[in-house]
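Here are my notes on the model, as numbered points. Please read them with the structure open.

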Amino acid sequence: MVSSLKALWIALVCAIGTINALPQEKRTTPRHAQVLILGGGITGVIAARTFKQAGINNILVIEGREELGGRMRSTEFGGLTVELGANWIQGTQTGNGPINPILTLARKHHLKTQFNNFDDLTTYDDTGLVDFIDAANQADTDFNNFNIVAGPRVANAQVDMTASAGYRLSGAKILDKQAAAAQYLNFDFEYAQTPQESSWLAASWNNNFTFVAEQGGFSEANLMCIDQRGYKTIVQGEAEDFLTSDEILLNAVVQNITYSSTGVSVTLTNGTVITGDYALCTFSVGVLQHDDVTFIPPLPAFKQEAISSIAMATYTKIFLQFPTKFWFDTEMGLYADPERGRYPIWQSLDHPKFLPGSRILFVTVTSDFSQRVEAFTDEQVQAEVMDVVHNMFPNIEVPEPNAFLFPRWHSDPLYRGSYSNWPPSFFSGHHENLKLNVDRLYFAGEATSVKFFGFLHGAYFEGLNMANIIISCIEGNSTCNTALTNGGEVTNSVPFDLNN
Ligand SMILES: Cc1cc2nc3c(=O)[nH]c(=O)nc-3n(C[C@H](O)[C@H](O)[C@H](O)COP(=O)(O)OP(=O)(O)OC[C@H]3O[C@@H](n4cnc5c(N)ncnc54)[C@H](O)[C@@H]3O)c2cc1C
Ligand SMILES: *[C@@H]1O[C@H](CO)[C@@H](O)[C@H](O)[C@H]1NC(C)=O
Ligand SMILES: *[C@@H]1O[C@H](CO)[C@@H](O)[C@H](O)[C@H]1NC(C)=O
Ligand SMILES: *[C@@H]1O[C@H](CO)[C@@H](O)[C@H](O)[C@H]1NC(C)=O
Ligand SMILES: *[C@@H]1O[C@H](CO)[C@@H](O)[C@H](O)[C@H]1NC(C)=O
C-alpha cells in the first residue's frame with residue numbers, strides 16, 4: 001500500500017515535471033506539503049523545528065514579511081539597533097526550577113542581554129522632578145495584595161471580576177496622578193491595557209506563572225535584549241539550524257484559508273494556491289479578529305465568539321534620539337500626567353548597562369492611547385511628546401530630537417496590535433474554543449496560552465505543544481485531538497435572576 005502510493009506519487013511528480021517542461025503549458029497542480037505552518041514568528045518556527053525533529057520533513061512555513069521573527073522585530077535607529085516589538089526575556093530561572101525556554105534559546109545563540117531593574121526609577125509630574133517613590137512602593141504593595149487576594153478565588157472557582165475590582169477589594173486607593181502613574185507601571189506596562197479592561201484572575205495567574213518561583217514561575221528578573229543583531233536573531237538562528245530555504249516561503253501573504261476534514265488549501269494575495277494535509281495557523285488573534293484572512297467555510301459560531309472575546313492590546317514604544325543626553329541616570333523614568341496613560345514610562349538606553357553614548361530615550365504608551373497616537377502623524381506625536389519632555393525638565397534647555405520613530409502595531413494588517421490580554425468576560429470555555437482545531441486546521445500563538453498569554457515563552461510552548469498534537473495525528477493516533485477540548489457554548493453557571 002505504502003509503496004504503491006509512493007509509486008503513484010513519483011508518477012505524479014514526473015507528470016508535473018513533464019508539464020512544466022512544456023513552455024506553453026501552465027502549471028495547474030498547486031504546491032503541496034504535509035504540514036503548512038502559517039506565520040514565521042516564534043510559534044511557527046518552534047512548531048517547524050518540532051516537526052523536523054519528529055522526522056516530518058515535508059513542511060512549509062508561509063510568512064507575509066521579508067524575514068522570520070514576527071513580533072520580534074528590530075530596526076536601525078540613530079545608528080543603532082532598537083527593538084520595535086518584544087524586548088525582554090521575562091522571568092529567567094530560580095535555582096533548578098523551571099527555565100524560561102527563551103533564556104535557553106538566548107544562551108544557545110549568545111544573545112547579549114542585561115538585567116533591567118524597573119525599580120531604578122526617577123519620578124516626574126507635569127511640574128517637573130517630584131519625588132513620589134513612596135507611591136511607586138505603595139503600587140508594588142498593592143499589586144502584591146492584588147495577587148494574594150486573587151489566589152483563593154481561583155482555587156474556589158469564584159467569579160472573575162475586572163482587575164480594578166480586584167484592586168479595590170484588596171484595598172488599593174488610587175487618589176491622585178502619582179498613584180495612577182505608579183499603578184500603570186505595575187499593571188498597564190505589563191498587560192498593555194487598563195485594570196478596568198483586564199481580568200483580575202487571569203492577570204494574577206499570568207504574573208505568578210512567569211515571575212513567582214513559589215507558584216511555578218521562572219523568576220522576577222527581566223533581561224533586556226541589547227544585541228545589535230536584534231532579538232529576532234534567536235528565532236532566525238533556530239530556523240537556520242533546523243530548516244532549509246525550500247521550507248520557508250517569505251513575502252507570501254495569505255488571503256484565504258480553505259479547510260476540510262481531508263486537508264487545507266491557502267490562497268496567497270497574488271493568487272498562488274498551496275495545499276497541505278494539515279495546517280497550523282499562528283497569525284495573531286488581532287489578525288483573526290479583523291478578517292484580514294478569509295476562512296472558507298466561515299469559522300463556526302463558537303470559534304468566532306472565542307476570537308472576538310479576547311482582547312488584542314497595543315503596546316507602543318516611541319523612540320527619540322537627541323544630540324546630547326540631558327535626562328535621568330536611572331534605568332527608568334516615571335511621569336505622572338493629570339491624564340492617566342499619557343506618556344508615562346520613560347526608559348534610557350543611554351545607560352552604562354545598555355547602549356551608553358546612544359543618546360536614545362524611549363517612552364511607552366498602551367491600549368487606547370496607542371490607538372490614539374497611531375491616528376496622528378509622526379510630527380504631531382513628536383510635538384506632544386516634546387511638550388511632556390518640557391514638563392519633565394522645566395529648567396533644562398532641551399534640544400530637538402535628531403531622530404524620532406514609533407511602530408503602528410494596531411494598524412498593521414499582519415498584527416493588529418501587540419499581544420493579547422484576557423478581559424474579565426473571557427472564560428475558560430472561550431479559551432478552549434480559541435485553541436480548538438477546525439477539521440485539519442489548527443491554531444497556536446501567544447494568545448492560545450492560558451498561563452503565559454502575551455509572552456514569548458507562551459508562544460514558544462504553544463508552537464511546541466500544537467506541533468506535537470498534529471504529529472500524533474499524522475502518526476495515526478485516532479485520539480490525537482482529545483488534547484483539545486471543545487468548550488461548547490459558553491454559559492453562565494446560574495441564569496440571571498431578574499426578580500430580585
Ligand atoms: C511592542 C511589543 C512588545 C513586546 N514585548 C515583549 C517582551 O518584552 N517579552 C515577551 O516575552 N513578549 C513580548 N511581546 C510579545 C511577543 O512578541 C509575542 O508574544 C510573540 O512574538 C508572538 O509570537 P507568535 O509567533 O505567536 O506571533 P507573531 O510573531 O505575530 O507571528 C505570526 C506571523 O504571521 C505573519 N502573518 C500575519 N498575518 C499573515 C498573513 N495573512 N499571511 C502571511 N503571514 C502573516 C506575521 O508577519 C508574523 O510573522 C511584545 C510584543 C510587542 C508587539
Ligand atoms: C500568586 O502568588 C501569590 C504568592 O505566592 C499567592 O499568594 C497567590 O495565591 C497567587 N495568586 C494566584 C491567582 O495564583
Ligand atoms: C506569489 O508569491 C509567492 C511568494 O512570494 C511566490 O513564490 C510566487 O512566485 C508568486 N506567484 C506569482 C504568480 O507571482
Ligand atoms: C481567495 O483569494 C483570492 C485572492 O488571492 C480571491 O481572488 C478569491 O476570490 C478568494 N476567494 C476564494 C473563494 O477563493
Ligand atoms: C494519542 O493521543 C492522546 C492525546 O494526545 C494521548 O493521550 C495518547 O497517549 C496517544 N496515544 C498514543 C498511542 O500515542
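1. Ligand 3 sits among Leu 249, Leu 250, Asn 251, Ala 252, Leu 268, Asn 270 and Thr 272. A residue is counted here if one of its heavy atoms lies within 4 Å of the ligand. The shell has four nonpolar, three polar and no charged residues. Ala, Val, Leu, Ile, Met, Phe, Trp, Tyr, Cys and Pro count as nonpolar, Asp, Glu, Lys and Arg as charged, and the others, Gly among them, as polar.

2. This is a predicted model: local features need pLDDT of at least 70, side-chain atom pairs count only at pLDDT 80 or more, and totals for chains, interfaces and linings use all residues. Residues are numbered from 1 along each chain as its sequence is written, chains are lettered from A and ligands numbered from 1 in the order in which they are written, and side-chain values use heavy atoms, with hydrogens and water left out.

3. Now the polar contacts of ligand 3 (pairs of N or O atoms within 3.5 Å; within protein, one must be able to donate a hydrogen and the other to accept it, and residues adjacent in sequence count only if both atoms are side-chain atoms). An oxygen atom of ligand 3 lies 3.4 Å from a polar backbone atom of Leu 250. For a polar backbone atom of Asn 251, the distance to a ligand 3 oxygen is 3.1 Å. A nitrogen atom of the ligand is 3.2 Å from an N or O atom in the Thr 272 side chain. Alone, ligand 3 exposes 360 Å², and the protein buries 46% of that. Such areas come from the Shrake-Rupley method with a 1.4 Å probe; for residues, only the protein chains shown count as cover.

4. Ligand 4 also has Leu 268 in its shell, along with Gln 255, Asn 256, Thr 267, Thr 269, Gly 271 and Ile 296. A polar side-chain atom of Asn 256 is 2.3 Å from a ligand 4 oxygen. Taken alone, ligand 4 exposes 360 Å², of which the protein buries 41%. Strands S11 (254–259) and S12 (264–268) each give two or more residues to this shell. Helices (H or I, at least four residues) and strands (E, at least two) are DSSP runs, numbered from the N terminus.

5. What surrounds ligand 2, by class? Four nonpolar residues, five polar and one charged. Its oxygen atoms come within 2.5 Å of a side-chain N or O atom of Asn 208 and 2.6 Å of one in Glu 214. A nitrogen atom of ligand 2 is 3.1 Å from a polar backbone atom of Asn 147. The protein buries 78% of the 360 Å² that ligand 2 exposes when taken alone. Helix H4 gives the most to the shell, with five residues.

6. In helix H12 (residues 367–375), Ser 367, Phe 369, Ser 370, Val 373 and Glu 374 are buried. Buried means under 20% relative accessible area, exposed over 50%, partly exposed in between (1.4 Å probe, protein chains only). The opposite face carries the exposed Asp 368 and Ala 375. Cover for the buried residues of H12 includes strand S16 (315–321), strand S19 (360–366) and helix H13 (378–392).

7. Thr 122 belongs to strand S7 (residues 121–125). Thr 122 counts as buried because its relative accessibility is 15%.

Terms used: Contact = heavy atoms within 4.5 Å.
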